[in-house]
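Good morning. Please take a moment with the sequence and the model before I go through them.

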Amino acid sequence: MVGSTVVKELANRGHEVKAIAHKPEKVWKHEKVEAVKADVLDADFSTKLEGVDAVVSAFSTGNWTDGDRFTQGANAIVYQFPFYWMSAPHLMKQWTDEVFMAFAGDENHVKGKHFMVCCTTGSPEEAYQHGGRNKYTIEEYLRPYEGQANHAEMIWVKPLAVHSQFPNGGKDELEKGCKEYQDRLKALVASSK
Ligand SMILES: Cc1cc2nc3c(=O)[nH]c(=O)nc-3n(C[C@H](O)[C@H](O)[C@H](O)COP(=O)(O)O)c2cc1C
């Protein structure tokens, strides 16, 4: 279900990874990676996620609307993206308009779930302050996502921004951000139990 880069990164960080794919034989082979053949539209798909702490989805956008099956058992949606021109890269918006839109449609499969944004920025933290170079705080820039959560009757979680992420820079911020991200994800998982 996730792209090979994510699978490798998670396994190399010591996580047990269940990679759900149409063609498991193509999944990167590693002692921490279990390749499972499945399709999200399989009737028993949700059983494949039992015992899993976090799901990373690499679905492409498209005419895919089965929000009920995707969100079954999920307690939260986390958008993770690099900040591009004070917003998300355009594919994130496309995913929202096409897939999230279907989740939050008439039956609203995301109601009552948590919604969190985790983003990396090139500018340092001090730029995202009133009076700073970017004039507004990151939470202010992320208001459209708060609005999205609100409109979909979801629970908005304070966003996490990891600043100063330019090539070969911001290593301390990245280390601190990864630790906080882990804690935040654990808290989201714990809140569902
Ligand atoms: C097209 C583009 C637009 C960007 N716009 C912003 C921006 O508006 N604000 C900012 O702080 N950083 C901006 N950046 C820097 C990225 O946020 C930064 O490189 C990224 O978060 C690093 O994460 P990555 O290593 O996963 O790409 C931009 C980078 C690119 C390529």
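Let me start with a strand pair. Strand β3, residues 76–82, and strand β4, residues 114–120, run parallel and are joined by 7 bridges. Two strands count as paired here if DSSP finds at least two bridges between them. Helices (H or I, at least four residues) and strands (E, at least two) are DSSP runs, numbered from the N terminus. The bridge partner of V78 in β4 is M116. Between β3 and β4 the chain passes through helix α3, residues 90–103, and this β-α-β crossover is right-handed. That is, with the strands pointing away from the viewer, the path from the first strand over the helix to the second runs clockwise.

A word on the source. This is a predicted model, where local features need pLDDT of at least 70 and side-chain atom pairs count only at pLDDT 80 or more, while totals for chains, interfaces and linings use all residues. Residues are numbered from 1 along each chain as its sequence is written.

Next, the ligand. The residues surrounding the ligand include P82, W85, T120 and Q165; the criterion is a C-beta atom, placed from the backbone, within 6 Å. How does the shell around the ligand divide into nonpolar, polar and charged residues? It has 6 nonpolar, 5 polar and no charged residues. Ala, Val, Leu, Ile, Met, Phe, Trp, Tyr, Cys and Pro count as nonpolar, Asp, Glu, Lys and Arg as charged, and the others, Gly among them, as polar.

Last, the domains. The assignment, automatic or from a database, gives domain 1 (1–58) and domain 2 (62–193). Their C-alpha centres lie 22 Å apart.
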